[in-house]
Amino acid sequence: MREFTGKTAFVTGGASGIGLALGRAFAEAGMKVMLADIETDALAAAIESLRNFGPAVRGVTCDVADPVSVERAAEVSYEAFGNVHVVCNNAGVAGGSGIDNISLESWRWVLDVNLMGVLHGITTFLPHIRAHGEGGHIVNTASWAGMQSRLGFSPYAASKFAVVNMSEGLSMELKPLGIGVTVLCPSFVRTRISESGRNRPARYGPTQIPDRASPAGALAARLAALSQSGLDPSQVAARTLTAICEDELYVFTHPHVRGEVEERFAAILAAMDKAAP
Ligand SMILES: NC(=O)c1ccc[n+]([C@@H]2O[C@H](COP(=O)([O-])OP(=O)(O)OC[C@H]3O[C@@H](n4cnc5c(N)ncnc54)[C@H](O)[C@@H]3O)[C@@H](O)[C@H]2O)c1
């Protein structure tokens, strides 16, 4: 999609971090922007921070884990701006620790938001984009954690591996229709991801806060520190706009993680060699 001006973007997780940076970048590129988020107060503050774009930026409360909520948010967007062209399935939460000490409720929460939330965005908007025929682009936020599993945040990495795979498949399916797909795989970005528990709905039970002295607590503290020293979200957003423009599938923002991906692929290829006749 080469022309942004006058088109519409719908961004989930738009009240904070990468989603808010994407919303700002789209507005600066002359697009109409609907920010969708579960956190109502943060959403209001996000829209206020973009007030210089006037009515071109609006917000809607939405829980991406609930397909009905995503459908409703889409209706609000169509009513406000007409056709939607860019859909960023970006809302995400981090949770978990080692695989055997994570509650099932925590697994469900992370998978419902990070994986099912992306699926709900696709199933809601894809028929609409196909039908209006004005072109479109779907951006799914995965992570570098979707490429390798070193962090030990099992539900998070599992959800992100799934989003990478889903995006690759979707890209092949939509190419003949001229609809682009991009999957974001950043490493640490300076956002509020380490405070994800603030948005955990009561139906998934209380947020597990590990004892700081435990291995899980130490890991959580290390990841929070790495996130705070990470990339500015605006850099991820700028790279994403280029990827939409150039119809690129993968967006990587941290070159130093290349070795870790190479290591994984080398291990996979070595194992495949053993299967060769
Ligand atoms: N920060 C990083 O280091 C990093 C690295 C790689 C990928 N990511 C991914 O980037 C995406 C954005 O996260 P961020 O880092 O900007 O964190 P963030 O916490 O700053 O923003 C996430 C937003 O998602 C919203 N959200 C959470 N649950 C929701 C739900 N059920 N429905 C709708 N909105 C919901 C939150 O309210 C918040 O506004 C996530 O998918 C995350 O996994 C982040």
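Residues are numbered from 1 along each chain as its sequence is written, and side-chain values use heavy atoms, with hydrogens and water left out. Because the model is predicted, local features need pLDDT of at least 70 and side-chain atom pairs count only at pLDDT 80 or more, while totals for chains, interfaces and linings use all residues.

**The sheet**

Helices (H or I, at least four residues) and strands (E, at least two) are DSSP runs numbered from the N terminus, and two strands pair if DSSP finds at least two bridges between them. Seven strands form an open sheet with parallel pairing, in the order β3-β2-β1-β4-β5-β6-β7. The edges are taken by β3 (57-61) and β7, each of which has a single partner strand, so one side of each lacks a neighbour in the sheet.

Strand β6 (residues 179-184) pairs with strand β5 (residues 136-141) in the parallel sense over six bridges; within this pairing, His137 has Gly180 as its bridge partner, and Asn140 has Val183. Strand β7 (residues 250-251) runs parallel to β6 and is joined to it by two bridges, with Leu184 opposite Val251.

Six of the six residues of β6 are buried, where buried means under 20% relative accessible area, exposed over 50% and partly exposed in between (1.4 Å probe, protein chains only). In a regular strand the side chains alternate between the two faces of the sheet. In β6 both faces are covered, with Ile179, Val181 and Val183 buried on one side and Gly180, Thr182 and Leu184 buried on the other.

Rings of Phe, Tyr and Trp (its six-membered ring) pair if their centres lie within 6.5 Å, and planes under 30 degrees apart count as stacked, over 60 as edge-to-face and the rest as tilted. By this rule there are four aromatic pairs, including the tilted pair of Phe10 and Phe125, with 4.6 Å centre to centre and 45° between the planes. Phe10 belongs to strand β1 (residues 8-12) and Phe125 to helix α4 (residues 104-132), so their pair ties together parts that are 115 residues apart in sequence. Phe10 is buried at 1% relative accessibility, and Phe125 is buried at 1% as well. Ring pairs link Phe10, Tyr78 and Phe125 into a cluster.

Helix α4 also contains Asn114, which counts as buried at 0% relative accessibility. The side chain of Asn114 reaches the backbone nitrogen of Val93 at 2.8 Å and makes a polar contact of 3.2 Å with the side chain of Ser159; a polar contact is a pair of N or O atoms within 3.5 Å, and within protein one must be able to donate a hydrogen and the other to accept it, with residues adjacent in sequence counted only if both atoms are side-chain atoms.

**The ligand shell**

There are 30 residues around the ligand, of which Ser16, Asp37, Tyr156, Val189 and Thr191 come nearest; a residue is near a molecule if one of its heavy atoms lies within 4 Å of it. The shell divides into 14 nonpolar, ten polar and six charged residues, and α1 (17-28) and α5 (154-174) each supply at least two of its residues.

| Residue | Distance to a ligand oxygen atom |
|---|---|
| Ile18 | 2.8 Å |
| Val189 | 2.8 Å |
| Arg192 | 3.0 Å |

The protein covers 98% of the 820 Å² of accessible area that the ligand has on its own, with areas computed by the Shrake-Rupley method and a 1.4 Å probe.

Terms used: Nonpolar A, V, L, I, M, F, W, Y, C, P; charged D, E, K, R; others polar.
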